[in-house]
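Let's take a walk through this fold together. Have the sequence and the model at hand as you read.

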Amino acid sequence: MTTTINLPHDDSTCGWYANLPERAAIKRLDGQQRADYAVIGAGFAGLAAARRLAVLNPQARILLIDAQRVGYGASGRNSGFVIDLPHKFALEHPDPLHKQRLLGLNRAAISQLEQLVKQHRIECQWSRAGKYQGAVGERGLAYLEHFRHLLSDLGEPFQDVERKALAKTLGTDHYSGAIFTPGCYLMQPAALVAGLANALPANVELLEESPINRLERDGKGGWLLHARQGTAHCNQLLLATSIFTREFGYLRNRLLPVMTFASWTRPLTDDEMVAYGGQLDWGLTPADHAGTTVRMTQDRRLIIRNTYKHVPRYGRSTSDGMREKVREAHRAAFLKRFPQLAAVPFSHTWGGVYAISRNFTNFFGELEKGVYASACDNGVGAAWGTISGTLLADLVSGVESSQLNDIRTVTGMPSLNPPEPFLGLGVRSRIRLAAWNSRSEL
């Protein structure tokens, strides 16, 4: 028997979620439910797993259970990038085949998402806009040069963009240069997640606002999932719970909960668009990973994302005062880039929790008999969640493929963390040091 300790406690100020149209009435886990499969967590991984289970097992009943509303958690709080290239750290892996496997998996996820967006006409600002990796000063330019070599070694196409050309797109001459890679897609994450949930197969039942607070073996090889007002019995259990996997007793002392924050403006007026002078629908990530991510959405909103916090109690580790300081830091970064828009206010500031591991390794597979998980996306959630959830359903259903072999090859066990208080001290110190070293890129 396992009892959860900390449940999601996200702030109520996520701009992506606030901008969604009102959704239909929800179902909760009430009374006694029975299913062949239960998937906990309705983010990118859980939605993909439930969908694939339903396709492979059309006669089965599948429960998809989330503690919050769909789109309210981490999957609806990112900056809206669906990135094909491996993460910076994975891109430095010495084995070229390892990187090609990651690239193939990410692109398979993008293809799957694009097909679903078109098939179900999901309005989520989906576009193949590509991505800029930008540098401000010498430190950023050194990282950019390193990125250039990594892309060349991988054989991936890219384009160098110098300050003047970059400014025409971004509406700012703050950046010294950038590298443009064409394979990244942009989207409105909460809208995409909500749209995927609305288009689930008929044999998937979505249960929202139903936090599972206890898991219990039924004595016959299955599981009882206990919620506040009901229970669910299932034969096989899939955890698409990212950092919260450790709350169910798995991967304890192996996952690090980190929160990153974003702020966005209200939509720019016509006059403000003239003052801005740039284009719509682009995204820039920093060459120096501790720098600032910037986006311009299709509906004229500018987004600033930076600032990382170690949050051992997830949302309860934050406060209104902390968010106000984060908002001030975002404002300073915004004004450095867009002084001509000083009168444009931020309308929302929010945070989102994700899981990283000290050895930057993702977990995928069976935790114990009848329990499976995809956990720890290391900051690349949309593509990785989609493909890992899909292939986890394949694994559970006994469907073999080259992609399943690839994901088995590139995943493993996240390394053990030092005990507290040493872990917290170390993580906080590392985050502060990264922020200090990268201050010129913020």
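Which strands does helix α5 lie across? Helix α5 (residues 138-154) lies across β5 (131-135), β6 and β7 (177-181), and runs at about 25 degrees to β7. Before going further, note that this is a predicted model, in which local features need pLDDT of at least 70 and side-chain atom pairs count only at pLDDT 80 or more, while totals for chains, interfaces and linings use all residues. Residues are numbered from 1 along each chain as its sequence is written, and side-chain values use heavy atoms, with hydrogens and water left out. Helices (H or I, at least four residues) and strands (E, at least two) are DSSP runs, numbered from the N terminus. Axes are lines fitted to C-alpha atoms, for helices over the stretch in contact, and angles run from 0 to 180 degrees between N-to-C directions.

The sheet itself is open and mixed, with eight strands in the order β6-β7-β5-β14-β15-β16-β13-β17; strands pair if DSSP finds at least two bridges between them. At its edges are β6 (159-162) and β17 (346-356), each pairing on one side only. On average, neighbouring strands are turned by 25 degrees against each other, direction ignored. Look next at β13 (residues 256-265), which runs antiparallel to β17 and is joined to it by 10 bridges. Here M259 stands opposite V353 in β17. Helix α12 (residues 422-437) packs on the sheet too, touching β13 and β16 (302-310), and its direction makes about 145 degrees with that of β16.

Now turn to the loop between α6 (163-170) and β7, where you will find H174. This histidine, H174, is buried (under 20% relative accessible area, with a 1.4 Å probe and protein chains only), at 17%. Leaving aside neighbours within four places in sequence, H174 is in contact (heavy atoms within 4.5 Å) with V136, R163, K336 and R337.

Helix α7 (residues 189-198) is mostly covered, with nine of its 10 residues buried. Its cover includes α1 (15-18), α2 (44-56), α4 (96-119) and β9 (204-207). At the N-terminal end, Q188 caps α7 through a side-chain oxygen 2.9 Å from the backbone nitrogen of A190.

One of the buried residues of α7 is L192, which is also among the residues with the most contacts inside the largest nonpolar core, along with V39, L64, V82 and W126. That core has 60 residues; a nonpolar core is a set of buried Ala, Val, Leu, Ile, Met, Phe, Trp, Tyr and Cys residues joined through side-chain atoms within 4.5 Å. A second, separate core of 35 residues includes I65, L207, L237 and I243.

Technical notes: Buried means under 20% relative accessible area, exposed over 50%, partly exposed in between (1.4 Å probe, protein chains only). A polar contact is a pair of N or O atoms within 3.5 Å; within protein, one must be able to donate a hydrogen and the other to accept it, and residues adjacent in sequence count only if both atoms are side-chain atoms.
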